[in-house]
Amino acid sequence: MKHVLASLCLLGAFLDALAQCTVPVSEFQLDGDYLLGGVFDIHHSVTVYHDRPEAINCSSQPFILSSYRRFQLMRFSVEEINNSTNLLPNVSLGYEIFDHCSDTDNFPGILKLLSVNGLIQPWAEPHKKLSKIMAVVGPFSSTNTLTIAPLFMMDFIPLISYGAAFSALEEKERFPSFLRTVHANKNVIEVIVNIVQHFNWRWVAFINSDNTFGEDGRDLFIKRIKDTEICLAYTKSLNDNTDFSLIFKQIEAQRIHLIIVFAQKLMAEAFIESAIKLNVTNKVWIAGDTWSLSKRLHKEKGIKNIGTVLGVSQPVVTIPGFSDFIYSSESQTHCENAEQNMLCNQVCNCSSLSPEEILAVDPSYSFPVYSAVHAIAHALHNTLQCGVDKCNGNITVYPYMVLAELKKSNFTLLNQQIQFDGNGDPRFGSYSIVFWNHSGDAEEIGFYKLHPSVKFFINKTNIHWYTKGEVPISLCSPECAVGFAKNPDGIHKCCFKCAICPNGTYINITEDPYKCINCKETEWSAAGSTSCNLREVEYIPFTDSGAILIMVSALALVGLTLAMSVLFAINYNTPVVRSAGGPMCFLIFGCFSLCSLSVFFYFDKPTVSFCILRFLPFLLFYTVCLACFVVRSFQIVCIFKMAAKFPKLHTWWMKYHGQWLVITVAFVTQALLLLFGYTFSPSKPYNETVEYPDKIILGCDINLKASSGPVVLLLSLCSLCFIFSYMGKDLPKNYNEAKAITFCLLLLILTWIIFATEYLLYHGKNIQTLNALAVLSSLYSFLLWYFLPKCYIIIFQPHRNTQEYFQGLIQNYTKTISQ
């Protein structure tokens with residue numbers, strides 16, 4: 001009896017359950033006038049290698065709750081549109097959704113979307129025998145999209161992805177009917193780079209998933225930071241076989257404190273969980289938009305110890321009515337095994353989920369799904385020429401017609417203007433910048449708006465760094481102090497040694513922090529400068545007191561030579577004048593006056609003419625003066641020593657006026673040497689900028705090769721004069737021309753030795769004054785010590801200026817040397 005009662009109870013329970021399943025309902029299928037395809041990765045396939053072709057059963061793979069949430073969002077969007085009387089009146093939308101858990105092993109669902117009565121005949125007849133699918137929403141990943149997209153491109157069936165961000169998908173030549181409601185990877189990378197630059201991080205690691213999505217992000221990141229201060233210190237692609245511990249060891253070895261993780265959600269979560277287990281601490285993590293809102297990681301014990309997590313996320317948009325839909329949908333009992341129309345990969349094994357679990361999961365990419373379905377509905381609205389209460393049922397709709405309207409989309413959805421650009425990318429949306437706070441929430445701390453214009457903002461005050469207040473530093477080398485240039489140390493520009501910029505250079509870190517820039521010739525700088533200062537230009541003006549004194553002395557010399565010339569002319573036939581040189585005295589006086597002209601050109605700003613006249617008069621006419629004294633010294637020696645021993649030579653000298661011949665030859669030779677030198681290398685203005693870094697000394701450049709000839713000739717004449725005059729040092733006491741010439745030559749030599757020493761040791765502006773003083777001293781030495789004593793005898797001791805007096809001196813000297 002007990003067994004009978006138990007059997008009756010079981011039968012009653014079975015009949016009650018059967019009564020609740022009398023109407024099979026599939027979440028993957030819905031009938032309608034126009035069908036939408038859906039591709040969602042509700043399960044994630046673990047890579048398994050087969051030895052024969054085999055379709056995978058997705059329901060046996062790990063379940064992805066966030067993808068299931070997006071799957072439900074598509075169902076909700078279609079139901080919302082069907083319940084609306086404005087968008088598609090008297091027209092219903094249906095859908096056929098498949099669980100696409102693998103990019104290689106579950107094509108039956110994709111082929112089902114493309115087939116007509118179980119057959120696929122692309123382009124059999126134009127616009128005929130095409131799939132009933134008007135458009136497809138999905139898939140999520142870039143890899144899956146690249147795999148299946150070409151199949152839909154053949155018939156221009158619109159494929160609107162809500163997650164594929166691979167850059168190449170915008171190429172319309174390859175993907176003419178592809179659109180997406182998420183931004184391409186380049187935009188996420190742009191936000192990440194902006195965050196890195198905002199906090200002045202330069203030494204970064206970039207971790208990406210080993211697939212199309214991750215590698216594209218890495219390539220875009222490398223390209224984007226090319227002309228910035230950011231250095232990619234380390235990069236690694238993640239897959240199921242990656243040794244995470246080795247990655248963290250390598251990152252730690254390079255002292256990297258910033259890690260960018262640009263990977264798919266499951267791979268990124270596995271990587272962060274490994275960091276927690278390996279006790280990786282004191283890092284800043286930047287999360288890509290695939291996992292920045294991960295609820296799973298927030299619950300992990302030890303997540304607070306890894307450091308500070310910032311992220312780029314899709315903005316969380318609240319979709320009205322979705323929560324109610326989930327509660328009503330999940331309250332129904334689904335008897336999936338009883339559904340006869342179920343196809344492969346249209347089972348989710350999710351009956352145990354509660355509405356709260358679905359609604360609490362990562363909300364990323366919700367609005368992209370929602371906007372994709374609504375974009376298709378608006379395209380159908382325009383294709384069917386829908387009015388207020390009905391649509392035109394006489395229009396045959398083909399996918400390519402829906403595609404054309406999709407490209408022209410322009411409608412408002414939840415306060416956002418839905419539009420697509422020429423590449424099928426969205427012209428709406430933005431990114432949120434989030435911070436994982438200590439409460440376990442992804443707190444929004446900033447944004448990056450792309451439309452209508454780019455706007456970037458971060459509220460740094462809301463970030464609680466692991467460093468207890470200070471922004472963490474991630475640099476290979478600390479920044480150089482002001483005035484120091486960076487010398488590269490290794491292959492990365494972020495690794496360097498600091499070297500102070502020397503005198504005459506400066507550093508401009510905004511232009512080139514690796515190079516000390518030379519100042520202009522008119523500028524100067526001290527060591528470690530960041531700019532140059534104008535040099536002080538120095539020269540001796542005519543108004544300088546020293547210049548005035550020297551010029552007055554030069555004029556006095558001219559006056560003195562003129563007075564002496566008059567005195568010598570009056571007493572021309574006296575013995576003193578004849579012994580001084582006779583007519584040669586007037587030539588010497590004239591040359592002295594002409595030599596003094598050089599003094600006036602040592603002052604004021606030098607020009608080419610000034611530089612030439614600074615040396616030419618002195619070199620040319622002083623040569624004549626020295627030649628006269630050479631001749632005079634030689635004559636003295638001849639008269640007293642050589643006349644008796646070499647009478648023929650004395651006769652020839654007197655007959656052919658040898659003295660004037662020597663003077664003429666010396667003058668012509670010097671003139672030719674000067675002409676040759678100034679023709680090929682004239683003296684020209686020169687700015688001395690080496691000796692004084694803060695000054696420019698204006699002077700004249702002297703070409704040693706060009707001036708060596710005239711100087712050698714002067715030195716030769718000076719040497720001959722000294723030799724001849726020295727030979728006459730024992731002449732009569734009162735007949736002392738040779739002694740006077742010797743003394744004058746010693747003064748001349750001493751003057752130029754002093755000047756040469758000063759020239760080697762001192763290079764300031766006063767060297768011009770010293771040069772003029774040396775020229776003037778060379779003239780005054782002969783004028784004062786050779787001619788002035790003669791004038792004294794003529795004026796104050798006339799008794800010594802008689803013929804008898806001189807003859808007596810000569811006779812006494814002759815008697816002395818004959819003995």
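**Charged pairs up close**

Modeller: Let's start with Asp219, which is partly exposed at a relative accessible area of 41% (buried is under 20%, exposed over 50%, partly exposed in between, using a 1.4 Å probe and protein chains only). Its side chain meets that of Arg218 in a salt bridge, 3.4 Å from N to O; the term means a side-chain nitrogen of Lys or Arg within 4 Å of a carboxyl oxygen of Asp or Glu. Bear in mind this is a predicted model, where local features need pLDDT of at least 70, side-chain atom pairs count only at pLDDT 80 or more, and totals for chains, interfaces and linings use all residues. Residues are numbered from 1 along each chain as its sequence is written, and side-chain values use heavy atoms, leaving out hydrogens and water.

Searching the whole structure turns up 16 salt bridges. Another one pairs Arg296 with Glu269, closest N and O atoms 3.0 Å apart. Arg296 sits in helix H9 (295-298) and Glu269 in helix H8 (265-277), so this pair ties together parts 27 residues apart in sequence; helices (H or I, at least four residues) and strands (E, at least two) are DSSP runs numbered from the N terminus. Arg296 is partly exposed at 41%, whereas Glu269 is buried at 3%.

Then there's a network: salt bridges with shared partners join Arg202, Glu229, Glu479 and Lys486. Within it, Arg202 and Glu229 have their closest N and O atoms 3.9 Å apart. Arg202 lies in the loop between helix H5 and strand E7, Glu229 in the loop between helix H6 and strand E8. Arg202 is buried at 14%, while Glu229 is partly exposed at 31%.
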